[in-house]
Amino acid sequence: MTMHDTSYAAVMARKNAIMKQSLGIDYDDYIQSPIAFDYERMMAETSYTMDDIRRIQRETKVGDTPLFELRNLTAAVRRISEPGKGATILLKDEAANASGSFKARRAAISAYQALIKGYRGMIAATSGNYGAAVASQAAQRGLKSIIVQEVFDSRGVGQPEIVEKGRKCEAYGAEVIKLSVGPELFYMLLRTLEETGFFNASLYTPFGIRGVESLGYEIAEQVRARYGKDPDAVVITHAGGGNLTGTARGLLQAGCTESRIVACSVDLSGLHMASDRDFNRKAFTTGHTGFGVPFATWPDRVDVPRNAARSLRYMDEYQLVSQGEVFYITELLTKIEGIERGPAGNTSLTAAVTLARQMDEDQIVVVQETEYTGAGKHHNSQLAFARANGIEVRRGNPVDNVPGKAIVIPEHLAQVQGRVQDLDKLRRSYLKNAAERLPIAEWTDSDFEFLAADIKKDGEWVRNQGVA
Ligand SMILES: Cc1ncc(COP(=O)(O)O)c(C=O)c1O
């Protein structure tokens, strides 16, 4: 057996070879320049049809999740809206997937791919839900699974939601490599892939994103079957952008070209994701701006050479909500609709309340309720942890929320307002990031074409920006 040099530098230098062996994709086949690559061909060459994806997912208890009309919440929103306003709010219940989140859709296709390509196991670096999904799918396919997870700050304290997700990975039979916050996550992932020869079930491969397409497709089918029309808006919680990308692609494949694609994240601006101190000062571990903004404005900051999740390609609007607003809506869902669901999905639900108020009564807004709740994910657990970490928790006007300092929970529904992000600003920030990879003077026509498609604008708009 060849002994590899396992120093940080040596492992990093072997990263492309490790990727090739652990995924079976040669990204060089698609890459056209430091910026552009053939995105659609990469997605198509996974060679799964929508029927294949749904059949594979059905085999392992994924998909066909229920769509519920939130009648009481819709009525409550109408009571605080202008006459004629207040869209019907529908909830797509992704907690019904094996392992309790929409991430099972991603993991199902990766597990199938790993199986048919003869890998003995699969590995993913993740803060949680995806780890549980990988472990659950691997278990059903007779594969081993290893999850690399950032759990602790330097005091050895773990955020309750992350600890909960780690327990779930272990319950499904995964080996969990638990790390403290820091740069070693990617290094550990590469080393583990190299040492085991397992499949790289990265969240950002074409297999993972194609797996989410069934979610958008099902929404289109279910809304049409029940209401005889397409959804007017679909609200999608955004972190790494795979949820939005896959769902939007699925809606488009079903022919829903007019549905408004709305991203939503919890506003955690001011907190630093790589900071040891801030790690445990956030009450949300995903679906927040600490991931959402950097990933939207430069998707390729991931553990594979090119990210198949490219949210600005599909996004029409980006809503922000505060932690306090999401806690309020979480309790409201429980108290008036009789179901408890997890924080990431309730982020979208919070934005949907704001949107529904602005939309007409005969319109439909669909919310992806993407995860289960319980134990460390539960809002009571999060609020207790926040208090223990010196964060003020009180009732009041949610505009007074300060990430890392104060969680202000609204006193009534009308205070749930959210706010929109300037999408063109995000697009310009994306272009700036592209210019850092390749100076603008070197951008070719095909780079311009790629960039325009990647931010849902035309070439003219890209050329007219200050950055280009
Ligand atoms: C339950 C849940 N919902 C939504 C998201 C956001 O998905 P994405 O990272 O693809 O944007 C995540 C990702 O961590 C998640 O776990």
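**Entry 1: helix packing.** I take a helix axis as a line fitted to the C-alpha atoms over the stretch in contact, and angles run from 0 to 180 degrees between N-to-C directions. The model I am reading is a predicted one. I looked up how helix α4 (residues 50-59) lies against helix α10 (residues 206-227), and found that they pack at an angle of about 95°, with their axes 9 Å apart. Angles of 65 to 115 degrees count as roughly perpendicular, and α4 and α10 are therefore roughly perpendicular to each other.

I then listed the residues that meet there. From α4 come Met50, Ile53, Arg54 and Gln57, and from α10 come Arg210, Gly211, Glu213, Ser214 and Tyr217.

**Entry 2: the nonpolar core.** I turned next to the largest nonpolar core, which has 123 residues. I noted that Ile89, Met122, Val134, Val235, Val262, Ala352 and Val365 touch the most other members. Helix α10 gives the most to this core, with eight residues. As background, I recall that nonpolar side chains tend to be buried together in soluble globular proteins.

Leaving aside neighbours within four places in sequence, I found Ile89 in contact with Leu70, Leu73, Thr74, Val77, Ala352, Ala356, Val365 and Val367.

**Entry 3: around the ligand.** I looked up the 17 residues around the ligand and recorded that Ala239, Gly240, Gly242, Ala344 and Thr370 come nearest. Helix α11 (residues 242-253) supplies the largest share of this shell, three residues. By class, I recorded four nonpolar, eleven polar and two charged residues in the shell.

**Entry 4: two single residues.** I located Pro410 in the loop between β12 (406-409) and β13 (419-420). Is Pro410 buried or exposed? A residue is buried if 20 or more other C-beta atoms lie within 10 Å of its own; Pro410 has 23 and is therefore buried. Not counting residues up to four places away in sequence, Pro410 touches Gly324, Glu325, Tyr328, Pro398, Gln415 and Val416. I checked Pro398 in particular: Pro410 and Pro398 are twelve residues apart in sequence and 5.6 Å apart in space, C-alpha to C-alpha.

I located Ala17 in helix α2 (residues 15-23). The cut-off for an exposed residue is 12 or fewer C-beta atoms; Ala17 has 10 C-beta neighbours inside 10 Å, so Ala17 counts as exposed. I also looked up Val148, which is 131 residues from Ala17 in sequence and 20 Å from Ala17 in space, C-alpha to C-alpha.

Conventions: Residues numbered from 1 in each chain as written. Predicted model: local features only at pLDDT ≥ 70, side-chain atom pairs only at ≥ 80, totals over all residues. Near = placed C-beta within 6 Å. Helix = DSSP H or I, 4+ residues; strand = E, 2+ residues; numbered from the N terminus. Nonpolar A, V, L, I, M, F, W, Y, C, P; charged D, E, K, R; others polar. Parallel < 35°, antiparallel > 145°, perpendicular 65-115°, else oblique. Contact = placed C-beta atoms within 7 Å. Core = buried A, V, L, I, M, F, W, Y, C linked by C-beta atoms within 7 Å.
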